[in-house]
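Biologist: Got the model open. Can you walk me through it, one spot at a time?

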Amino acid sequence: MEIVHPSRRETSFGWMEVWAECGGEPVTERLHFERNGRGHEHDRWEYVRVLGGKGVIVVGEDRVAVGRGDAVDIPPGLEHWMETEFGLDIVLQYGPNRATE
């Protein structure tokens, strides 16, 4: 039986859960990709840890193949997105924004 976090919501790519917040901003999230994500950027560091599945994390001009146990750190202000091959499951943690580094 799968345990579903109460914050789980459907997204354009699959689903997401917010595991921790600070000041109304997410600090830790879990995302499940059934479809590719869309390009976006943040004003904070984003630390990606892969829980399962396989895919590619596109960071700027770089394409990083990832699978269970891999980690990718994404600097603030850099466009990025996730592409899934086999149900990519990740945990994201967000660091300080550029104004507070």
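Modeller: Let's start with a turn. Strand 5 and strand 6 form a hairpin, with 2 residues between them. Keep in mind that this is a predicted model.

Biologist: Which residue in the turn has a positive phi?

Modeller: That is G60, with a phi of about 60°.

Biologist: How many bridges do strand 5 and strand 6 pair over, and in which sense?

Modeller: Strand 5 covers residues 54-59 and strand 6 covers residues 62-67. They pair over 6 bridges, in the antiparallel sense.

Biologist: What is the bridge partner of V58?

Modeller: R63, in strand 6.

Biologist: New topic, rings. How many aromatic pairs are there?

Modeller: The structure holds 2 aromatic pairs. In one, the ring centres of F13 and F33 are 4.3 Å apart. Their planes are at 25°, under the 30 degrees cut-off, so the pair counts as stacked.

Biologist: Where do F13 and F33 lie?

Modeller: F13 is in the loop between strand 1 (9-10) and strand 2 (14-22). F33 is in strand 3, residues 25-33. The pair therefore ties together parts that are 20 residues apart in sequence.

Biologist: Are F13 and F33 buried or exposed?

Modeller: F13 is buried, and F33 is buried too.

Biologist: What about W45 and Y47, how are they arranged?

Modeller: W45 and Y47 form a stacked aromatic pair. The distance is 6.0 Å centre to centre, with 5° between the planes.

Biologist: Switching to E17. Where is it found?

Modeller: E17 is in strand 2. Its relative accessibility is 2%, so E17 counts as buried.

Biologist: What does the side chain of E17 reach?

Modeller: It reaches the backbone nitrogen of H5 at 3.4 Å. The E17 side chain also makes a polar contact with the side chain of W19, at 2.9 Å.

Biologist: Which residues does E17 touch, not counting those up to four places away in sequence?

Modeller: V4, H5, S7, R8, T28, E29 and R30.

Note on methods
Residues are numbered from 1 along each chain as its sequence is written. This is a predicted model: local features need pLDDT of at least 70, side-chain atom pairs count only at pLDDT 80 or more; totals for chains, interfaces and linings use all residues. Side-chain values use heavy atoms; hydrogens and water are left out. Rings of Phe, Tyr and Trp (its six-membered ring) pair if their centres lie within 6.5 Å; planes under 30 degrees apart count as stacked, over 60 as edge-to-face and the rest as tilted. Helices (H or I, at least four residues) and strands (E, at least two) are DSSP runs, numbered from the N terminus. Buried means under 20% relative accessible area, exposed over 50%, partly exposed in between (1.4 Å probe, protein chains only). A polar contact is a pair of N or O atoms within 3.5 Å; within protein, one must be able to donate a hydrogen and the other to accept it, and residues adjacent in sequence count only if both atoms are side-chain atoms. Contact means heavy atoms within 4.5 Å. Two strands pair if DSSP finds at least two bridges between them.
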